[in-house]
Amino acid sequence: MYDLCEIMLRVKHYTIPIFIPELACPFQCVFCNQKKISGQTHIPTGDEITKTIDSHLRTFRRKNKNVEVGFFGGSFTGIPIDEQKQYLKYVQPYIRLEKVQSIRLSTRPDYITEEILLMLKKYNVTTIELGAQSFDDEVLKTTRRGHSSHDIVVASELILKHGFNLGLQMMVGLPGDTLEKSINTAKRIIESGAHNTRIYPSLVIKDTLMHNWYNDGKYKPLSLSEAASWCKIILPMFEQAGIDVLRVGLHPSEGLTSGDDLIDGPFHSSFKELVLTEIWADILKQATENIKEEKLEIRVNPKEINYAIGYKSKNKNELLSKFRYVMFITDESIAGRGIKIH
Ligand code: SF4
């Protein structure tokens, strides 16, 4: 149990997201319709950015906090450098007043240069996330990313050399992808020294080239259970390497949840929970396979209990098909995904 002082001292981290959809992006990756994925089509003005920051700041209650502004969406460093500076300038007064501590942004690996990094440093950018998507050159070529795995390595080295936090995002189930290729991508992300990552299952989004391929029978997305079973291997790889996994599965924008923009693919608003359920299904299977008693008392860390029981009690119900009585109990003395069974 944390005592009250410890809770007060812990720093709460907030990110204020500002979406800049497909701003000047000359590429058309086969899976991308940035407007549909982010659910936003409008490019925000300076006034709107200020209002967004102010309204988020008003909702942050904790005194001990760390606030960053994140420019997400298109390829930030691909827009003309004066426009990049203009966007960054809107945030500087908040940094001077110590209301915001830093800025993060997402971009492409081939839009990183020494000159850009020096400029970003000056404007208090601390984290740069690259859409790596895959380290397999065939997959990058098929999906028309317009850069190679070598470009990801070079950009990552440059970002780390200049002292930024590095994020490398990956996608699973792209055209030409396999489980082995995705595992290798995760390994290469770890080797590249990334501090954080996001794992996105590939979806068929309306009005993308992949949508045409899907209609022509040239592309078949992973099923939901396939995507969860790939990610149950990849997620622990990052955890064991100490890499922060910021997201597993796309953020549920209105178009995705209503189904208007989503044609097919492994989308689920609780995708990470499905993955964690699968991870726990394996742990429970292994831990209970030689148990002959009819009653099970399973102790797990409180943070893990929901995933151990499983999404919609999937794991508990599975155990109840073999054991007459199954009880899950929280136990603070158990670390991580440890388990004790009586
Ligand atoms: S580079 Fe990014 S924004 Fe541009 S098409 Fe590809 S995924 Fe979309």
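Modeller: The model is predicted: local features need pLDDT of at least 70, side-chain atom pairs count only at pLDDT 80 or more, and totals for chains, interfaces and linings use all residues. Residues are numbered from 1 along each chain as its sequence is written.

Biologist: What is the order of the open sheet of seven strands?

Modeller: Helices (H or I, at least four residues) and strands (E, at least two) are DSSP runs, numbered from the N terminus. Two strands pair if DSSP finds at least two bridges between them. In this sheet the pairing is parallel, and the order is 1-2-3-4-5-6-8.

Biologist: Which are the edge strands of that sheet?

Modeller: An edge strand pairs on one side only. Here the edge strands are strand 1 (12-20) and strand 8 (244-248).

Biologist: By what angle are neighbouring strands of this sheet turned against each other on average?

Modeller: Axes are lines fitted to C-alpha atoms, for helices over the stretch in contact, and angles run from 0 to 180 degrees between N-to-C directions. For the average between neighbouring strands, direction is ignored, and the value is 20°.

Biologist: Why is strand 5 described as largely enclosed by the rest of the structure?

Modeller: A residue is buried if 20 or more other C-beta atoms lie within 10 Å of its own, exposed if 12 or fewer, and partly exposed in between, with C-beta atoms placed from the backbone. Strand 5 is largely enclosed because the buried ones among its eight residues number six.

Biologist: Which residue of strand 6 is the bridge partner of Met170?

Modeller: Strand 5 (residues 165-172) runs parallel to strand 6 (residues 196-201), and six bridges join them. One of the bridge pairs is Gly167 with Asn196. For Met170, the partner in strand 6 is Ile199.

Biologist: Which residue in strand 5 stands opposite Leu130?

Modeller: Strand 4 (residues 125-133) pairs with strand 5 in the parallel sense, over six bridges. Opposite Leu130 stands Leu168.

Biologist: Is Ser106 buried or exposed?

Modeller: Ser106 lies in strand 3 (residues 102-107). Leaving aside neighbours within four places in sequence, Ser106 is in contact (C-beta atoms, placed from the backbone, within 7 Å) with Phe72, Phe76, Glu129 and Gly131. Its C-beta neighbours inside 10 Å number 21, so Ser106 counts as buried.

Biologist: How are helix 10 and helix 12 oriented to each other?

Modeller: Helix 10 (residues 224-240) packs against helix 12 at an angle of about 80°, with axes 9 Å apart. Angles under 35 degrees count as roughly parallel, over 145 as roughly antiparallel, 65 to 115 as roughly perpendicular and the rest as oblique. The two helices are therefore roughly perpendicular.

Biologist: How many nonpolar residues are there in the contact of helix 10 with helix 12?

Modeller: Ala228, Ser229, Cys231, Lys232, Leu235 and Pro236 in helix 10 meet Leu274, Val275, Glu278 and Ile279 in helix 12. Ala, Val, Leu, Ile, Met, Phe, Trp, Tyr, Cys and Pro count as nonpolar, Asp, Glu, Lys and Arg as charged, and the others, Gly among them, as polar. In this contact one residue is polar, two are charged and the nonpolar ones number seven.

Biologist: With which residues is Thr288 in contact, leaving aside its neighbours within four places in sequence?

Modeller: Thr288 lies in helix 12 (residues 271-288). With 18 other C-beta atoms within 10 Å, Thr288 is partly exposed. Its contacts beyond those neighbours are Leu296, Leu319 and Ile341.

Biologist: Is Asp207 buried or exposed?

Modeller: Asp207 lies in the loop between strand 7 (204-205) and helix 9 (209-215). Its phi is positive, about 60°, although Asp207 is not a glycine. Because 11 other C-beta atoms lie within 10 Å, Asp207 is exposed.

Biologist: Which residue of strand 11 is the bridge partner of Ile298?

Modeller: An open sheet of three strands has the order 11-10-12, with mixed pairing. In it, strand 10 (residues 295-300) and strand 11 pair in the parallel sense over six bridges. The partner of Ile298 in strand 11 is Phe328.

Methods
Two residues are in contact if their C-beta atoms, placed from the backbone, lie within 7 Å.
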